[in-house]
Amino acid sequence: CSPSMLWNGAVRGGLGLLAVRRACLFSRSAHSAPKSGEYRPIKKVMVANRGEIAIRVFRACTELGIRTVAVYSEQDTGQMHRQKADEAYLIGKGLPPVAAYLDIADIIKVAKENNVDAIHPGYGFLSERSDFAQACADAGVMFVGPSPDTVRMMGDKVEARSLAIRAGVPVVPGTDAPLTCMQDAKAFAQTYGFPIIFKAAYGGGGRGMRVVREYEELEENYQRAYSEALAAFGNGALFVEKFIEKPRHIEVQILGDKFGNVIHLFERDCSIQRRHQKVVEIAPAFQLDPHLRARLHTDSVTLAKQVGYENAGTVEFLVDKHGKHYFIEVNSRLQVEHTVTEEITDVDLVHAQLKVCEGQSLPDLGLSQDKIRVNGCAIQCRVTTEDPARGFQPDTGRIEVFRSGEGMGIRLDSASAFPGAIISPHYDSLLVKVIASGNDLQGAASKMSRALAEFRVRGVKTNIPFLQNVLSNTQFLHATVDTQFIDENQELFNLKPTQNRAQKLLHYLGHTFIRGMSVTPTVTCQSYIHVNSVFLLKPSGDPPLGFRDVLLRDGPEGFAKAVRAHKGLLLMDTTFRDAHQSLLATRVRTHDLKKISPFVSHNFNNLYSLENWGGATFDVAMRFLSECPWKRLQEMRALIPNVPFQMLLRGANAVGYTNYPDNAVFKFCEVAKENGMDVFRVFDSLNYLPNMLLGMEAAGAAGGVVEAAISYTGDVSDPARQKYSLDYYMKLADELVRAGTHVLCIKDMAGLLKPESSKMLIGALRDRFPDVPIHVHTHDTAGAGVAAMLACAEAGADVVDVAVDSMAGMTSQPSMGAMVACAKGTKLDTGIPLEKVYDYSEYWEVARGLYAPFDCTATMKSGNADVYENEIPGGQYTNLHFQAHSMGLGHKFKQVKKSYTEANKLLGDLIKVTPSSKIVGDLAQFMVQNNLTRAEVEEQADELSLPLSVVEFLQGHIGIPHGGFPEPLRSKVIKSLPRIEGRPGASLPPMDFKALEEGLRVAHGDDITPEDVMSAAMYPKVFQEYKEFTANFGPVDCLNTRLFLDGPKIAEEFEVELERGKTLHIKALALGDLNKAGQREVFFELNGQLRSVLVKDTVAMKEMKFHPKAQKSIKGQVGAPMPGKVLELKVEVGSKVEKGQPLCVLSAMKMETVVNSPLAGTVKALHATVDSSLEGDDLILEIDEE
């Protein structure tokens, strides 16, 4: 034959280059001329389908010069297959999504009106409906598939089974006809025993397929299989078979023509399945016995010839563990997995389908059995929008990012895989088919793994992590697998979480665009100040040795001796914690602390310590800054290895505001020490010795420096104030030194120490304990802080607390620069160069501007000496000022302070520090709001609804105050409520950390650390919210502070470094209008590519009505496990339900899911009705637990 003629025919016939070379070997006499029928060229093809299979056919048609026509439902107006066709027409107007593609009359009508020559059915929908094939024939339109009679015979699984028996092909025991009722199924089960399997009589793909293993499951599974089959194929008829345990699923690709020629194109192994739906397909089947392979091929061709099969089809078999094969069905259509056959045979099956439909014979196409050869191996992975971590529940939504894996040996067949595509619950969850080819299975798997690793799909969950686990599984790579492979290899579900950092950050930045959506609520009306950070030259080399080196070398005792022996005054810098807690509402981020840390390490190595952790900073880091406090400690430790770190430990309350079991306090200190903490300042808000001793013991057991702190109040220099006299403090100090404290601290949290009282108290302590280091902490609220601290130093204090100048004064600590300057050249000389303090202060002066909305100077312009009267602690003074202004009581702040004084007297004149200071503050604000005097509260105490914190204090929840509880106030308030005697935490059972960790792993995945466990132990709800935030918004700590707090401006360009060597280039573009779902689309440019995110505008949504969501924290609220439609409600309000009892049936993507009760109880309320369309987690019903 002429080479040019052969080439043209091969291309027109859809053969690849390899097939052309094979065809050149044929002589003209090898071709069988048509003996009957006529050749009808196809000029226009309609695909009665959607998605990737429609596009696959369109591409083949385009290659053959055939015009294409798409049809689409109302729900598919945005789908890509519409755009890939030359023409596209709406079908099934007003019908449900699936029904539109089952509307034979409308499809035929569109075909006739638009001069369509042939209709390709794809797979699914009408592809195996003989009435559709017949309707095409009646309309004079060619059906690209077998004849209507063949479709009917093969589509009827029972008749196909009979044909197989007549052809001598072995079959599985099963019914001879579709079931007419449940009784037929029961009779079959009684005859053959369980397990059995229901199958749809008029369709495949796993729809309408249910395995039943015991009698009690029979009726429910029959109804579900019938319903699924009816929804998917328009006919719910079922037949039943004996279920073969753990078979391999092998299918043979066949191809026939109108002249009786039938060939096979080898087999595919489709054993890797979930719910009878194929997940991964391989061609040829791996490690298949050659004799068995030959029998499978022979039986397939024999059966096809017996029925005069034409066009493409698949004969499916089960192969049991003994190597016996059983016919199960013929799929008289193109299969989803036809791609792997094309890759190993180099035969384009869609080209062949079209040419056979035109009337050409297989020999005309150069296809004969002896010329079909296997070339290597091919694997297909079905990438779906399903979440393996949630039982492969379909996910829906908008694809925000789509980047595919490509390269040599990779083929992609997709449709809706593009940014902006909407994945709806109406159709199959298939996103893209990835086909990899290689010399062997291992080679193809390697290419597939690499391609899947390159994919980036954001906005919806996918099964890619699961597929990656399959491809790396040893059994998959080196042995055979059966249909139970997924069920028996649960390690496949140990999914490596995707980071998705860039898109999550865009979501966060999108939230900052919308007014009122800030995750860090401001406390003043001040605007953010856009400032540039001070540039400090990063020091080179290792920092000089400091006191931490002494601690690491000599231990806590040696450290204490070195401090006591030191000449000159030592300073502790509070800038990294208490200073910004007092001035900036504890909002300073790790980002800004890290930037100055190297400077501090190299220039302030002779500091006693840096206070940088504990207290309020622990929970605020998670609560408002969305940071891990442990990560802050770890990162700062790496940057400042030479200066000891100091934390605030609230005795038996650790870093919380409540009582914890003793083992929780010990474990917390242990983990803190392991992460770099050195000095534990242990105090109790009431100076309650039992609570302090527990904290001291825990810190000491962890190997830390124990700094027992006596909280100071009153005035030891005032003879009229004798409750907290010098003798009181000396006796308490005796107990703490006797208990083994390494350092003794006076914690003057309100700044009440005056120079005279400083000399008296510190002088007496120094005389009593000449070998114990003394450390003094104060606040500068009254403005006398520097004078008081100099007096303490003169009296014998070894260490005093300061803050850098720009973060000092008012409710913060005294100025570092002032202390350094005043001590310079004296016996108290700190050895700190003033010029370094200036540089340090300049950095914080600029950085402080970033936190303007949290700065106390917005409402408070100076300190106030009235603190000597009201004794409000520095940090609380600031907070009360904020609260008074936010509650409209700013003009009454003087009254608030007076009420604070009265409240303190009401409660018996307390030591006031967190949490006791909060109790006094709560009572003070209650008095102001209700216009109550001290006398009125005392008189009406048994009638007033006092703040809970006050009631719990009087019960004894935080310990016993010095001098006891105030009476008769206590008895009036708590009446018959229980009273706690002794140390509150002593009666608590030990915390089960193992159970806590297991629960956290279930909730948040396996990357839970010991630090996470401690965070959850201290603040369960705060930690839960923090983990939910990071899951949604990613690593916001890599954003600079302005972007984190205020967000970018339109057209602003900026960079974000995710990690070393990975930098994002981002430009904020635009903010869209509010849509019907209450969302706004926010547009960005990320690394030069357009990205957008949808952000719910919660402010605007308050004016819109939305379906409520199930709250995971409320046990009786049952939410939709996936988006879908309610098919059936099995309960009503008042129904009694048992745990595990079916409540309702949802349908999504043509799969049905039964929602079971999570607990036993009574149905309280229904929030959904039959036919309701629900989103994931939408509230279905509420149950009152029994």
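## Helix H3

In H3, the buried residues are Gly51, Glu52, Ile53, Ala54, Ile55, Arg56, Val57, Phe58, Ala60 and Cys61. The model is a predicted one. Ten of the 13 residues of H3 are buried, so the helix is largely enclosed by the rest of the structure.

H3 covers residues 51–63. From its first C-alpha to its last it reaches 19 Å, close to the 18 Å expected at 1.5 Å a residue. Gly65 follows H3 and has a positive phi, near 75 degrees.

## Confidence

The protein chain has a mean pLDDT of 89, and 93% of its residues reach 70 or more. Over residues 1–36, pLDDT stays under 50. For residues 1–36 the model has 50 contacts beyond four places in sequence.

Strand S25 (residues 645–649) is mostly covered, with five of its five residues buried. Phe645, Met647 and Leu649 point one way from the strand, while Gln646 and Leu648 point the other way. Both groups are buried.

S25 pairs in the parallel sense with strand S24 (residues 609–614), over four bridges. In this pairing, Glu611 has Gln646 of S25 as its bridge partner. S25 is also joined by four bridges to strand S26 (residues 679–682), and these two strands run parallel. Here Gln646 stands opposite Val679 in S26. From S25 the chain passes through helix H25 (residues 662–674) to reach S26, in a right-handed β-α-β crossover.

## An antiparallel sheet

Strands of a sheet pair through backbone hydrogen bonds, in either the parallel or the antiparallel sense. Four strands form an open sheet in the order S35-S42-S40-S37, with antiparallel pairing. Strand S35 (1117–1119) and strand S37 (1136–1137) stand at the edges and each has a single partner strand, so one side of each is left without a neighbour in the sheet.

Strand S40 (residues 1161–1166) and strand S42 (residues 1179–1185) run antiparallel and are joined by five bridges. Leu1166 stands opposite Leu1181 in S42.

## Nonpolar cores

The largest nonpolar core holds 182 residues, of which Phe668, Leu765, Tyr840, Trp844 and Met1018 touch the most other members. Helix H35 gives the most to this core, with seven residues. A second, separate core has 39 residues, including Ile379, Ile423, Leu431 and Val460.

Met1018 is in contact with Phe618, Ala654, Val655, Tyr660, Ala664 and Phe668, leaving aside its neighbours within four places in sequence.

Ser917 lies in helix H35 (residues 916–929). Its relative accessible area is 3%, so Ser917 counts as buried. Beyond its neighbours within four places in sequence, Ser917 is in contact with Pro873, Gln876, Tyr900 and Lys912.

Thr830 is found in the loop between helix H30 (816–823) and helix H31 (834–849). Thr830 is also buried, because its relative accessible area of 5% is under the 20% cut-off. Not counting residues up to four places away in sequence, Thr830 touches Leu569, Leu571, Asn606, Val820 and Ala823.

How values were computed. Residues are numbered from 1 along each chain as its sequence is written. This is a predicted model: local features need pLDDT of at least 70, side-chain atom pairs count only at pLDDT 80 or more; totals for chains, interfaces and linings use all residues. Side-chain values use heavy atoms; hydrogens and water are left out. pLDDT is the predictor's confidence in each residue, from 0 to 100. Contact means heavy atoms within 4.5 Å. The expected span of a helix is 1.5 Å times one less than its number of residues. Buried means under 20% relative accessible area, exposed over 50%, partly exposed in between (1.4 Å probe, protein chains only). Two strands pair if DSSP finds at least two bridges between them. A crossover is right-handed if, with the strands pointing away from the viewer, the path from the first strand over the helix to the second runs clockwise. A nonpolar core is a set of buried Ala, Val, Leu, Ile, Met, Phe, Trp, Tyr and Cys residues joined through side-chain atoms within 4.5 Å.
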